[in-house]
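Please look over the structure shown here with its sequence. The paragraphs after it go from one part to the next.

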Amino acid sequence: PYGVRDVAGGVNDWCEDWHDERKVWKVAKGGSWDQQSDACRSASRNWLAPSYTHSIYGLRLVVRPGAVRAS
């Protein structure tokens with residue numbers, strides 16, 4: 001109903017949320033097809049240092065409705 005399709009299995013998505021109060025670990029949600037089968041699901045959660053890089057971690061750009069105005 002929201003027009004969202006094919007969002008599972010691409011990469012784990014970095015999130016704006018911090019896992020801890022000291023702001024050491026960032027939250028990553030979702031799963032990548034390049035992981036073990038139990039971790040490749042939309043409900044998967046992980047936390048890592050923000051400087052960590054790997055091909056299975058990425059991000060999804062999101063725009064809130066009404067946040068962008070046409071010029």
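Asp17 and Lys29 form a salt bridge, and their closest N and O atoms are 3.8 Å apart. Asp17 belongs to strand 1 and Lys29 to strand 2, so the pair ties together parts that are 12 residues apart in sequence. The model is a predicted one, and a search of the whole structure finds one salt bridge.

Is Lys26 buried or exposed? Lys26 is buried, yet has no salt bridge. The nearest side chain of opposite charge is that of Glu16, 6.9 Å away, whereas a salt bridge needs the nitrogen and the carboxyl oxygen to be within 4 Å. What the side chain of Lys26 does have is a polar atom 3.4 Å from the backbone oxygen of Cys15.

The next stop is the loop between strand 1 (12-18) and strand 2 (26-29), where Val24 lies. Asp20 has its place in this loop between strand 1 and strand 2. Asp20 is buried and has no salt bridge. For Asp20, the nearest side chain of opposite charge is Arg22, at 4.3 Å. Which backbone atoms lie by the side chain of Asp20? The backbone nitrogen of Val24 is 3.0 Å from a polar atom of the Asp20 side chain. The backbone nitrogen of Trp25 is 3.1 Å from a polar atom of that side chain.

Together with Trp47, they make a nonpolar surface patch of about 280 Å². Val24 counts as partly exposed because its relative accessibility is 31%, and a residue in such a patch must have over 30%.

Lys23 is also placed in the loop between strand 1 and strand 2. Its relative accessibility is 53%, so Lys23 counts as exposed. What is the phi of Lys23? It is positive, about 60 degrees, although Lys23 is not a glycine. Most residues other than glycine have a negative phi. The C-alpha atoms of Lys23 and Asp13 are separated by 18 Å, and the two residues are 10 apart along the chain.

The last stop is the segment before strand 1, where Gly10 is found. Gly10 has a relative accessibility of 48%, and therefore counts as partly exposed. Which residues does Gly10 contact, leaving aside its neighbours within four places in sequence? They are Gly31, Ser32 and Trp33. Gly10 and Cys40 are 30 residues apart along the chain, and their C-alpha atoms are separated by 9.3 Å.

Key
Residues are numbered from 1 along each chain as its sequence is written. This is a predicted model: local features need pLDDT of at least 70, side-chain atom pairs count only at pLDDT 80 or more; totals for chains, interfaces and linings use all residues. Side-chain values use heavy atoms; hydrogens and water are left out. Patches are made of residues with over 30% relative accessible area and no salt bridge: like charges are joined within 9 Å, nonpolar side chains (Val, Leu, Ile, Met, Phe, Trp, Tyr) within 5 Å. Accessible areas come from the Shrake-Rupley method with a 1.4 Å probe; for residues, only the protein chains shown count as cover. Helices (H or I, at least four residues) and strands (E, at least two) are DSSP runs, numbered from the N terminus. Buried means under 20% relative accessible area, exposed over 50%, partly exposed in between (1.4 Å probe, protein chains only). Lys and Arg count as positive and Asp and Glu as negative; His and the chain ends are not counted. A polar contact is a pair of N or O atoms within 3.5 Å; within protein, one must be able to donate a hydrogen and the other to accept it, and residues adjacent in sequence count only if both atoms are side-chain atoms. Contact means heavy atoms within 4.5 Å.
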